[in-house]
Structure formats: structure tokens, C-alpha cells
Amino acid sequence: MGFLVKLFFLISTVLIGYAIHQLLQVPPLPQLEDVWWGPRDATKEDTSIKPFKINVSDEVLKDLKLRLQQARPFVPPLEGVQHQYGLNTNLLKKFVDYWLTKYDWREREKFLNQFPQYKVSVQGLQLHYLHVKPKNPGNLKVYPLLILHGWPGSVREFYEIIPLLTTPQKGRDFVFEVIAPSLPGYGFSEAAVKPGLSALHVAVLFKNFMKRLGFDKYYLQGGDWGGVIVQHMSVLYPERVLGVHSNMCFVNTRLSNLKTFIGSFIPQLVVDKEHAHLMYPLSEKFANILLESGYLHLQATKPDTVGVGLNDSPVGLAAYILEKFITWTNPDWKNYIDGKLTERFDYTKLLDNIMIYWVTNSITTSVRLYSETFNKAHFSLGVDQNPINVPSACARFKHELVYQSTCILSEKFKNLVHVSDLDGGHFAAFEVPNVLANDIYDSVAKMIEFGKTANKK
């Protein structure tokens, strides 16, 4: 009997050891090729940088006005319902009336053209981007900052934060040169003509994009898809990334998931008492994710089907996008008839973003990013399990869809120099540009000091 007990413990120890080994195993980095995504002949690619101005034809605007005027009558909301069933059509009617009677696209074109814009071909795709250099930097160091948006956003989110990042700030010995591209298939950037352009391949694309612009080393910043892409770039190309800042840091390693699960029984093991309610109970948080992620499943499985309706109806497109700016900015806003939209935004800014999707015919190509990323081929590459070793910073906004503790974040971000908890929601650059800009400056200052210390060692 004693022999059997010893054998049992030996086998158990081996199995536990194997399980721990598998838990901590880091897969090799995938070798990703520079895939040609465009419709033109690869041997004839024009790699020159060309200035760009937004100039939408009168025909597109006339067609839009006609579609808005001829929209079918809205189905009235249920009694006593605000936005719990989706966007309230009473608010939508008010928004569409503003669109028809007060919004002036020609004036907004002038606003959107205030920053230098360009297009350049990378891996067969004509990519649109803003490139804003600081005025009168004097003796300050100027650091290139690639800043990436997500869905359902656009480069419009950055128009208020760009002047803050490119203007010398009191007490700072550096300032930024901002490069803000439209993601491929979004806005004025060309879309892929073949399947497979996942967030990971977009990371490859933007590495080559920055190289084409002449930047060997740079800082990264992103939220939503931008946050995902800058994490991938930091994993794949640490020799090029001076530091990464994200307002949507997310860790999906085996060990982090185990820690999150254990924390549901003993929260203090993974999160401080002050923020425990943002992570637990898991059942409540998971229910909220289900509530807010119906769009994700649709876009990850049938992007072209949902794209047809959104691309054909400006009213439908507005409803689909506006709902996110309510519940993702603050989930409690769905309980107010006005959605509290004008508390952090205004109708003109929100319409600028919607119009970029409409006039470029890009809603379908934008949502394909979900289908290309949420699939077996992408997850099998295992990049989520690889650590980020470059200096990193995570800005956790109070109403972001998912909260992860510093204990969890440290599983992936091995040199996490700055973590902040800030008031705001998912669209931080658009919503609270001053708050996000200050956090970026604070983070990069710490990254610089981290680099100096590391070099001394």
C-alpha cells in the first residue's frame, strides 16, 4: 500500500509540474511575411509620400441628404425605455434633424484639413495619415509618436489631443511629433483585397509604414484596436519601440486567466481593495461583456452582411455607432433619454466621425478586422502569450469595458513603469484629451528614466 501511495504522489507531482510548465510556456514568435494586400502590381509600387486633402464630391453629399430626408419613419421606443434596447429613436430623430439642418460638411472639411495629411503605399495599400510636427520646439527633444485609433472611431478622435502632444508643455524637456494613420480599411486608408489582414498583420504593416516614413525608433500609443496593434508591435519589434502607452491594455495569457479566476474567490490576491469592484464578481462583469459585445460576434462572423445595411443607410450607421459612444463612455448613460452625449462630446464631433465612415464607404471594410482577428488562424500564432519587454504604461479609465489589475498586467508587460486610474471611458482621446495627453507625457518621462537606468546596468 505504501508503494502505491508513493507512486500516486510521484505521478501527481509529475502531472502538476507538467501543467505548470505548460502554463508558463511561451511560444516562439511567429515569422510573419510582408504580405501584399493591395489590388495593384507589387513590382510597380509607388512608394512616394503624397500630400492629401479631404475633398468629398457634391454628388456624395447630395445623395446623403436625400437618404436622410427619405428615411423611413422611426419605430417608437417602448414606454419608459431609454437606451436599454439599443439607441432610443427619439434621440436618433433629434440627431438626424441636426445632421440635416445644422451640420455643414464643407465647414467640417476645412476643420479636418487643418493638419498636414498624406498618403503612402505600404504592402500594396494606400495608407492615409496625419503627420504633425511641433512648432518651435527650441532645445527640446522631439520624439516620434505613432498613435492608433480603433472601431468605431477614426483619426477624428485625435484632433483635440494632437495640439497638446505637439506643443511644448511647461516643465517638460521633450515634445512629440505625431503620426496618426487611419487603420487599413478605415476612413481614407485603402482596404485589403484578400483575406487575412488581422491585427497582427496590421502590426507588421505599421512597422513598415514607420520605416517608409524614415523612423527607426518611436513611441507607440493606442486604444481599442489601436491598443491591440501597439501591443503586437511591441512584442514583434522591441528593437524599434522606445516605449508603449495604451488606454486599453489587455492581457490574455494562461497564467493571467488563472489568476483572474482565483481572484474571484480571493480578490485580494490579484487586486487592491479600492478597485476590486471593477474586476469582481466575475459573473456580473461577464454579463456586462455579453451585453456590450453582441456587435463583436456579428462583425467577427458576418462582417459583410452587417456592412450592407450600415453602408446603405446613414441613419442606420449613425444609430449603430452612436450607441457605442453612450454605453462605452459610461454604462450608466443608457439610463438617460439624451444618452448624456453632450456631456463629453457634441453632435458636430460625433458626426465628423460618422461622416468619415460614410463618405469613404468604409464601414464594411472596417468591421472585417474583427473577422480577420477573432479566428483560429490568428490565435494559433500565440502572440498573446508572448511578453512585452519594452517600457510600458497602462492608463485604466474608470468606464473601460474591461479592468485588469496591475498584478494581471504585469504578466505581459514585464517593464511596466506607469499605471494610472483615470476618470473617463473607452474613447479617451476624444473624450478627455487633456487627461490622456498628460498621462502620455508622464509615462514617456518615466520610460526615458527607465532607459537611462537600464543602460547604466
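Helices here are DSSP runs of at least four residues and strands are runs of at least two, numbered from the N terminus. Keep that in mind as you look through these close-ups of a predicted model.

View 1. Is Asp224 buried or exposed? Its relative accessibility is 11%, and buried means under 20%, so Asp224 counts as buried. Look also at the backbone here: Asp224 has a positive phi of about 55°, although it is not a glycine. Leaving out residues up to four places away in sequence, you can find Asp224 touching Gly150, Trp151, Met248, Trp328, Tyr370 and His426.

**View 2. Three residues share an "active site" annotation.** The label comes from an unreviewed UniProt entry, and it covers Asp224, Tyr370 and His426.

View 3. Start with the bond from Trp151 to Pro152, which is cis, with omega near 0°. Pro152 belongs to the loop that runs between strand S4 (141-148) and helix H5 (162-166). Where is Pro281? You will find Pro281 in the loop between helix H9 (276-279) and helix H10 (282-292).

**View 4. Asn136 has a positive phi in an exposed spot.** Its phi is about 50°, although Asn136 is not a glycine. The residue is part of the loop between strand S3 (125-132) and S4. With a relative accessible area of 71%, Asn136 is exposed. Asp224 also has a positive phi, of about 55°, but Asp224 counts as buried.

**View 5. Helices H3 and H15 cross each other.** Helix H3 spans residues 89-101 and helix H15 spans residues 347-360, and their axes are 11 Å apart. The two pack at an angle of about 80°. Angles of 65 to 115 degrees count as roughly perpendicular, so that word describes H3 and H15. Which residues of H3 take part in the contact? They are Leu91, Lys94, Phe95, Tyr98 and Trp99, and they meet Tyr347, Thr348, Leu350, Leu351, Ile354 and Met355 in H15. Sorted by type, the residues of this contact are nine nonpolar, one polar and one charged.

View 6. Ser198 has a relative accessible area of 2%, and is buried. What does Ser198 touch, once residues up to four places away in sequence are set aside? Its contacts are Leu369, Glu372, Thr373 and His378.

View 7. Strand S2 covers residues 117-122, and Tyr118 is within it. At 24% relative accessibility, Tyr118 counts as partly exposed. Ile49 is 69 residues away from Tyr118 in sequence, yet their C-alpha atoms are 6.6 Å apart in space. With neighbours within four places in sequence left aside, Tyr118 is in contact with Ile49, Lys50, Pro51, Phe52, Leu127, His128, Tyr129 and His131. An unreviewed UniProt entry annotates residues 49-158 as "domain: Epoxide hydrolase N-terminal". Over that stretch the chain is 30% helix and 22% strand, and the end C-alpha atoms are 22 Å apart.

**View 8. Val419 lies in strand S9.** This strand is made up of residues 416-422. Val419 is partly exposed, with a relative accessible area of 26%. Not counting residues up to four places away in sequence, Val419 touches Cys394, Arg396 and Thr406. How many residues separate Val419 and Val367 in sequence? The answer is 52, and in space the pair are 30 Å apart, C-alpha to C-alpha.

Technical notes:
Residues numbered from 1 in each chain as written. Predicted model: local features only at pLDDT ≥ 70, side-chain atom pairs only at ≥ 80, totals over all residues. Heavy atoms only, no water. Axes fitted to C-alpha atoms, helices over the stretch in contact; angles between N-to-C directions. Parallel < 35°, antiparallel > 145°, perpendicular 65-115°, else oblique. Contact = heavy atoms within 4.5 Å. Nonpolar A, V, L, I, M, F, W, Y, C, P; charged D, E, K, R; others polar. UniProt positions renumbered as here; feature names shortened; annotations may be inferred. Buried < 20%, exposed > 50% of the residue type's maximum accessible area, 1.4 Å probe, protein only.
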